[in-house]
Amino acid sequence: MVKSLISSGSLSDIRVLDLTRVWAGPLATRVMGDFGADIIKISDPRVQLLSTNGLNHKLNRNKRNIGIRLDIAEGREIFLGLVEKSDVVVENFRPRVMRNLKIDYEALKSVKSDIIFVSMPGFGVDGPYSEYPAFGTTAEAVAGIPSLIGYGDGVPISTGIAYGDPISGLNAITLIMAGLRMRNQTGRGQFIDIALSASPLCNLGEYVAGYSSSEKITIPSGNRSTEYSPQGAFRCRGRDQWIGISVLNDNEWMNLKNLVADPELDSLETSNLEQRKKNEEIIEGLIAKWTSRLDVIETVSLLQENGVRAGSVSSGAQLLEDPHLNDRDFFFDHEEEEYGWKRYDGNSIPGNRIPKSEWSGTNDVGANSKEILIDLLGYTESFCESLASKEAVYFGE
Amino acid sequence: MGEIRKGNNNNLPLEGTRVLEVSEGVAGPYCGRYLASMGAEVVKIERPPLGDWTREIGPFIEGIRDGDNSALYSYNNQGKKSVLLDWTSVNGMENLQSLVPEFDILIEDWDLNFRDDIGIERTELVDSNPGLIEISVTPFGLSGPYARWKSSPLVQLALGGYLYLTGERGKEPLMLPGRQPDYLTGLNATAAIHIALWERERSGTGQFLEMSMLETLATLHQFTMEMTTFEGVLRMRNGNQWQKESSFASYGITTLPCSDGYVCFGISTEDQWERLCAMIGREDLIDDPNYDTRIKRADNSEYLDGLLTEWIADRTRREIFVETSEIWGLPTAPILDMSEVVKDEQFLFRNIFQDQVLGPGKTFTFPKYPYIASEMEPRIGNPPALGEHTEDVLGAK
């Protein structure tokens, strides 16, 4: 009994109303859109969506867009009509914004009894900081991430990633799917509240557990680790070129030491982890001396061929050209009228996605308003026009 | 809110779902932990004599160094059963394969080298078990030039473009703490499994899901690649300052010292900038031609940091957090270390921490999950002792 997969993608029977902005929320709904879900992005017509920097192009593929004013009665009616036709509503505003718009789980439930409503605010919808504004970089700060990054001088360093966002986005996909699965089992919807600041904290389980049992905090010292030694990023030939190296065990160290082939290194006691930790600074210096003359790509290959864990420290430009990612057809090349061909990241979640050749680019504010109102809500053309004249809905440029 | 906060775990979404976890470290096990918290029965296969290698990695609860006491293992394996079986022998693999038909999901971390050694084809198990969802979690996936490379968290962060972005410009790039690539991949794998379960409910078909840690990181960049593709500007690491060039430039996403530590500011919009000027009593800057664009402000960020430092120098993190958030509506956050994170009033209000008793005198605290849902309360079980359930699971056969 061989059955085949759903031809229009695993999630083609799911409709999501997407009120999210910036990164965490749009990332989650982008993944679902790639799997065939009907993502209806709701944009405020007064706020420009597309910008020249590519962020919105990257995050809003495979989504339809409707421009609605939620603060106008007729706009709210449209929104509630769409809720009735949807499975999921997701937003990532500060709690106050939704409250002012009188959008909460109870209100949504009254028009669609089994709706899954997901909020992704900075600190969660309740609690002493719940109304404080936040974004990825401040969220990671309260979770302790920057306190664990630094050069050993006590100055904390934030990630260059706005790290609260991507983790929260990944959690959102799982939680939306779990909510839908429960709905199918019980007939009930639910309200799911994901705190941006709690997401990075849950990726630090061993630090919380370790602290709670020892009351000792970890002071970061560059890329050093208790498990890998030596470990670090070492400068190579060229401008800002670095190689990342991690040595896990004595064998790997022997292999690296033989390649570095420095008499000073050979004269040191370095055969076990304890000895290497003791001489760590000298060892790091000698490796850096060796790599400084070498090409990073060639050296990574050389080390990997000799069983040493290594990788080039890739910039954004290098990531786009990465031979492995390209060999695996990871990227999504897409042509937009205004910007020409651009390369975007693909989808790292394997499964039954719609084929890349059928992916659509980003729709600007209001681009799909009319088709959504007519096809989904059964509005007439003239009713659409009257709503547009009241500025409740926007049909795009 | 009281009603909504109350979840229940009598009826969880993965009740009745059976998961076989043949995966060590963090990525696969973190995924298994998440599935267990949603009601799945997770059977973890561990190799004799020591089991999952994270059992040997510190920190150890109360400093007691034994295989049932690792903080890393305990956190990532809560709520599972442990069965001893050596799947790395041909005979053991046959025994393992005889278990597979009893499970819905198989989580494994078998890279190409291992698959060749043991003689197991890519989709062999799903081909003979059509309903099976098998997720393969490896550093680079099962094809491409890096498929046989060895990795580490640092190497993943290097190749995935994260390392390049964190740390001071011109200095060694810095890693994120602990095992972030593994945690991110575990979250991605959890999402993949939920999507595949949805597919299976619809089509009856299982899948082989090939997840790559490198691809996971490559999809979790906000605009690293878009700065190159849309603006021709390389995104750099910049210490605690945000990017200067490009349309993403702004002041001030910055971290500065105050009287009792460091505070992270996340000022990114025009209106936030104007409120920041008002807050420090320098409204004259709003119309000053030297500061009237985001790029100009970013270029002058050292001067602006000086002004802001003057304003915060005599205040505590707490005072700054409250005043900037409540009065000025600016996203800021105190940089907390782990001793402060576990006492943070917002995290405590949301009841994110839980204590777990492993044995007499062996208690640790851990973060549960970053969400609160009206119908789903995570089910938290103890981590298993090595081989604790071998007889229960294998003896029944």
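Me: Two residues are taken to be in contact if their C-beta atoms, placed from the backbone, lie within 7 Å; leaving aside neighbours within four places in sequence, which residues is B:Ile105 in contact with?

Reply: This is a predicted model, in which local features need pLDDT of at least 70 and side-chain atom pairs count only at pLDDT 80 or more, while totals for chains, interfaces and linings use all residues. Residues are numbered from 1 along each chain as its sequence is written, and chains are lettered from A and ligands numbered from 1 in the order in which they are written. Beyond its sequence neighbours, its contacts are B:Thr17, B:Val19, B:Leu20, B:Ile133 and B:Ile193.

Me: Why does B:Ile105 count as buried?

Reply: A residue is buried if 20 or more other C-beta atoms lie within 10 Å of its own, exposed if 12 or fewer, and partly exposed in between. B:Ile105 is classed as buried because its C-beta neighbours inside 10 Å number 25.

Me: Which element of chain A gives the most to the side that touches chain B?

Reply: The contact between the chains draws 124 residues from chain A and 130 residues from chain B. On the side of chain A, 14 residues come from the element that gives the most, helix α7 (residues 164-186).

Me: In β12(B), which residue is the bridge partner of A:Asp193?

Reply: Strand β6 (residues 190-194) of chain A runs antiparallel to strand β12 (residues 371-373) of chain B, and three bridges join them, where pairing requires at least two DSSP bridges. Within β12(B), A:Asp193 is partnered by B:Ile372.

How values were computed: Helices (H or I, at least four residues) and strands (E, at least two) are DSSP runs, numbered from the N terminus.
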